[in-house]
Amino acid sequence: MASLAVRGGRPIRTEPFPVWPVWGDEEIDNLTQVIKGGQWGRLKGTVTSDFERRFADLHQAKHGICINSGTTALQIALIAADVATGSEVICPAYTFIATASAIVDIGCVPIFVDVQPDTFNIDPRQIEAAITERTTAIMPVHFAGRPFDLDAVMEIATKRRLKVVEDAAQAWGAAWRDRPVGAIGDAGCFSFQSSKNITCGEGGIILTNDDQVAKFAKAHHNCGRSEVGQWYEHYYYGGNYRMTELQAAVLHAQLNRYEELHRIRLENLDYLNQELAQIPGITICSPDDRITNHACHLFVFRYIKSHFADAPRATFLDALRKEGIPASPGYSLPLYQQPVFREKSFGPRGRKVDLDIDYSKFHCPVTEKLCFEEAIWFTQNMLLGTKEDMDQIIAAIEKISKHADELSD
Ligand SMILES: Cc1ncc(COP(=O)(O)O)c(C=O)c1O
């Protein structure tokens with residue numbers, strides 16, 4: 001008789017994992033206060049500016065500017081960091097589309113480089129190789145909440161005089177050599193979209209230690225106003241990218257519960273890493289002493305099918321789901337293979353633009369392997385489970401490993 005649930009055996013678990021978002025009276029009370037106070041926008045309120053201060057302090061940053069999304073935060077940070085229109089900006093091929101669309105949106109050209117198989121983060125050697133005379137900036141991602149190699153990236157940036165905008169959309173509180181990420185480069189951007197570990201549905205924030213970056217980010221997100229001008233005087237180009245007081249009210253409450261939730265996620269992430277490393281064919285990310293805090297947005301590992309009777313990842317994931325463990329294959333395409341990049345259809349209604357770059361010539365072998373064969377993600381809500389929940393994840397993978405021959409039936 002078959003053992004695996006996918007073949008009719010008994011599943012390891014049937015209970016769901018914790019739901020996200022986690023919320024309570026504080027979110028409701030804060031929201032009620034803002035609603036009753038009548039200042040729903042940030043222009044005359046104080047809730048958003050208080051949150052900016054709190055979040056910036058937590059990340060040892062001089063300035064924080066709340067923005068209506070992580071994507072728009074990245075666009076504005078690039079503009080405020082003075083990244084020239086038409087120039088090239090280097091970013092990883094393995095990331096969410098927003099990293100690259102922010103670059104396109106400001107009239108720059110994303111140059112995709114490969115990631116490292118043992119970190120899923122941008123490979124500094126590939127950055128060096130991709131720099132041309134048109135390169136002005138690097139936008140690496142702290143993927144899954146794991147800081148990228150800031151020593152290497154900052155050294156390259158300094159040497160080659162490039163700006164660094166950290167895509168910290170998944171990295172609240174992550175730290176490199178005890179320094180929180182986000183304001184180590186010229187600027188860093190975080191997301192508060194609904195899947196994120198601190199959320200208000202949609203939202204983002206730019207952090208920076210640079211007064212000029214802060215000045216222009218503030219102006220750009222508020223219709224190009226200057227801090228000294230009249231209300232209807234617009235000194236710079238900009239738009240309305242402001243966060244509402246309602247969003248910031250929720251964020252205050254979310255930030256208050258963050259430390260406790262992060263402690264649970266981190267404990268579970270460490271435990272999964274330790275235990276899953278023992279299973280042949282499961283390759284966890286490499287430890288790195290320079291990472292002094294991981295934000296635990298995702299738990300990621302690589303699936304090596306030769307240890308599982310050559311079953312493709314989709315078969316393994318299906319078997320895992322049937323055991324009661326939901327898992328994701330993650331990004332399905334390297335960004336340069338996304339139809340919008342392949343076709344360069346950046347114009348209105350998907351019209352092609354005339355851009356001197358051919359994305360079909362890009363090839364990032366590690367990213368391709370992650371996208372097509374190896375990457376597996378567990379989402380952050382799963383990391384909020386109990387030790388028993390983690391034991392069941394481990395047991396399910398061990399069970400599939402032991403009965404891998406059933407995968408090909
Ligand atoms: C790596 C990365 N960059 C940027 C973003 C964009 O953030 P938002 O969804 O808040 O616009 C996300 C969010 O999913 C992300 O994961």
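How many bridges join strand E4 to strand E5, and do they run parallel or antiparallel? Hold that thought for a moment, everyone.

A word on what we are looking at. This is a predicted model, where local features need pLDDT of at least 70, side-chain atom pairs count only at pLDDT 80 or more, and totals for chains, interfaces and linings use all residues. Residues are numbered from 1 along each chain as its sequence is written. pLDDT is the predictor's confidence in each residue, from 0 to 100. The protein chain averages 97, and 100% of the residues score at least 70. Helices here are DSSP runs of H or I with at least four residues, strands are runs of E with at least two, and both are numbered from the N terminus.

Back to the question. Two bridges join E4 to E5 (residues 163–167), and the strands run parallel. Two strands count as paired if DSSP finds at least two bridges between them. Ile 138 has Val 164 in E5 as its bridge partner. To get from E4 to E5, the chain passes through helix H6 (residues 150–160), and this β-α-β crossover is right-handed; that is, with the strands pointing away from the viewer, the path from the first strand over the helix to the second runs clockwise. E4 (residues 135–138) also pairs with strand E2 (residues 88–92), in the parallel sense over three bridges. There, Val 89 is partnered by Ala 137 in E4.

Next, another sheet. It is open, with three strands in the order E7-E6-E11 and antiparallel pairing. Strands E7 (179–180) and E11 (291–293) stand at the edges with a single partner strand each, so one side of each has no neighbour in the sheet. Strand E6 (residues 175–176) pairs with E11 over two bridges, and Trp 176 stands opposite Ile 291 in E11.

A residue counts as near if its C-beta atom, placed from the backbone, lies within 6 Å. Of the 14 residues around the ligand, Gly 70, Thr 71, Ala 98, Ala 169 and Ser 191 come nearest. Helix H3 (70–80) and helix H4 (97–105) are the elements giving two or more residues to this shell. By type, the shell has four nonpolar residues, nine polar and one charged. Ala, Val, Leu, Ile, Met, Phe, Trp, Tyr, Cys and Pro count as nonpolar, Asp, Glu, Lys and Arg as charged, and the others, Gly among them, as polar.
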